[in-house]
Amino acid sequence: MIKKPREKSVRLLTVEAGSRRVRSDHLKYPLIEAELGRLQAGYRGEQAMDFYLTFLPDENYQILHGLRLEDHKCRHFQMDSVLLSPSHCLLLDSKNVTGELEFDEKGHQLKRKTLNGYEALGDPISQVGRQKHQLEKWMENHLGKSTPIIAQVVLTNKNATLLCSTTSLMKKVTFLTNLPNRMTTIHGNFPNSILDGKELRKLVRTLIKKHIPDNFALFDYYDIPVSEFKNGVICTDCMHSPMKRKKGYWLCIECGCKSRTAHVEALKDYLLLIGNTITNKKARDLLLIPSKSSTLRVLQSLELPYKGQGRNREYYLDRLMKS
């Protein structure tokens, strides 16, 4: 049963917004584009696991995707998928990489074969091992005990091959198509329950309550002045910008698309990249609406909470991310 659905991370949403709001000819744009490709590939890999998770051997599994917690040393750790059962916990870390791969167990490194040798791709086994240790400590601190935790690296790309494998390696790594078999084997290794139903439900509720969404200050990270944020409402059909404000709707002069809600995506981009509050003046600049009263009607139509009065009124944008 899925208790926390899979969603795009705030970092991915922010980089997507940055790809729309930073000029394509900007010096830092290739870096944003590369990061976007990496994050999108990772998310596709996570999504690829979802079908195979429907083959879970026991309906008592409680599934939480994208869980991000803070450990006892104030360090944050995020897990692709956490599967909880009364007898154990399964921690899955997806890797959407292609090519001829080799896990260097002694050097603690994943490598991909290239024409000129090898390309280093980090160390997913050690990474998910750290997450396992952090989750064990977290459970002990919040529940008073921990269930056995099994960490698995899941290779989700169908074009990935392993150049060599060992028995010890294949206990830590599996291909996506073999995930149901691996889950069945792991499930059979833990026949005895450690948590009763009440404890399991409490653990799930606590994990969800303690989830901390990530954040990513893109302009600071890439050292881009906020003044270089590209204003305007972007057409959702052809991506032309800016759309023109007409009476009650937005018009794309490039493809003729009409929309009554295109401004919402612009405000979401502002939220992700600039801040979670906006004034009428800043909204006029963002939406390229010269009229204060027209902008007021747009903001009021969204029924956003606000503070202050008159020109100092600030509207809170956080609610838009739930729409």
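Let's start with Lys 281, a partly exposed residue with a relative accessible area of 45%. This value, like the others here, comes from a predicted model. The side chain of Lys 281 meets that of Asp 285 in a salt bridge, with N and O 2.8 Å apart. Asp 285 is partly exposed too, with a relative accessible area of 36%.

Why are Lys 281 and Asp 285 separated by about one helical turn? Both residues lie in helix 8 (residues 280-287), and they are separated by about one turn because they are four residues apart there.

How many salt bridges does the count come to? The count comes to 16. One of them joins Glu 119 to Arg 112, whose closest N and O atoms are 3.1 Å apart. Glu 119 is partly exposed, at 33% relative accessible area.

Another salt bridge pairs Lys 145 with Glu 199, and here the closest N and O atoms are 3.2 Å apart. This pair links distant parts of the chain, 54 residues apart: Lys 145 sits in the loop between helix 3 (124-143) and strand 8 (149-155), while Glu 199 belongs to helix 5 (residues 197-210). Lys 145 has a relative accessible area of 30%, so it counts as partly exposed. Glu 199, at 25%, is also partly exposed.

## Where two helices cross

Now look at helix 1 (residues 10-21) and helix 7 (residues 262-273). Their axes come within 9 Å and cross at roughly 115°. The crossing is left-handed.

Which residues of helix 1 meet helix 7? They are Val 10, Leu 13, Thr 14, Ala 17, Gly 18, Arg 20 and Arg 21, and their partners in helix 7 are Ala 266, Asp 269, Leu 272 and Leu 273.

Three strands form an open sheet in the order 14-16-15, with antiparallel pairing. Strand 14 (277-278) and strand 15 (306-307) are the edge strands, each pairing on one side only. Strands of a sheet pair through backbone hydrogen bonds.

Strand 14 and strand 16 (residues 314-316) run antiparallel and are joined by two bridges. Ile 278 stands opposite Tyr 315 in strand 16.

## A residue in helix 2

Finally, find Leu 31 in helix 2 (residues 29-53). Is Leu 31 partly exposed or buried? Leu 31 counts as partly exposed because its relative accessibility is 47%. From Leu 31 to Lys 282 the separation is 251 residues in sequence and 28 Å in space, C-alpha to C-alpha.

Conventions:
Residues numbered from 1 in each chain as written. Predicted model: local features only at pLDDT ≥ 70, side-chain atom pairs only at ≥ 80, totals over all residues. Heavy atoms only, no water. Axes fitted to C-alpha atoms, helices over the stretch in contact; angles between N-to-C directions. Left-handed = near helix turned anticlockwise from the far one by under 90°. Contact = heavy atoms within 4.5 Å. Pairing = 2+ DSSP bridges. Buried < 20%, exposed > 50% of the residue type's maximum accessible area, 1.4 Å probe, protein only. Salt bridge = Lys/Arg side-chain N within 4 Å of Asp/Glu carboxyl O.
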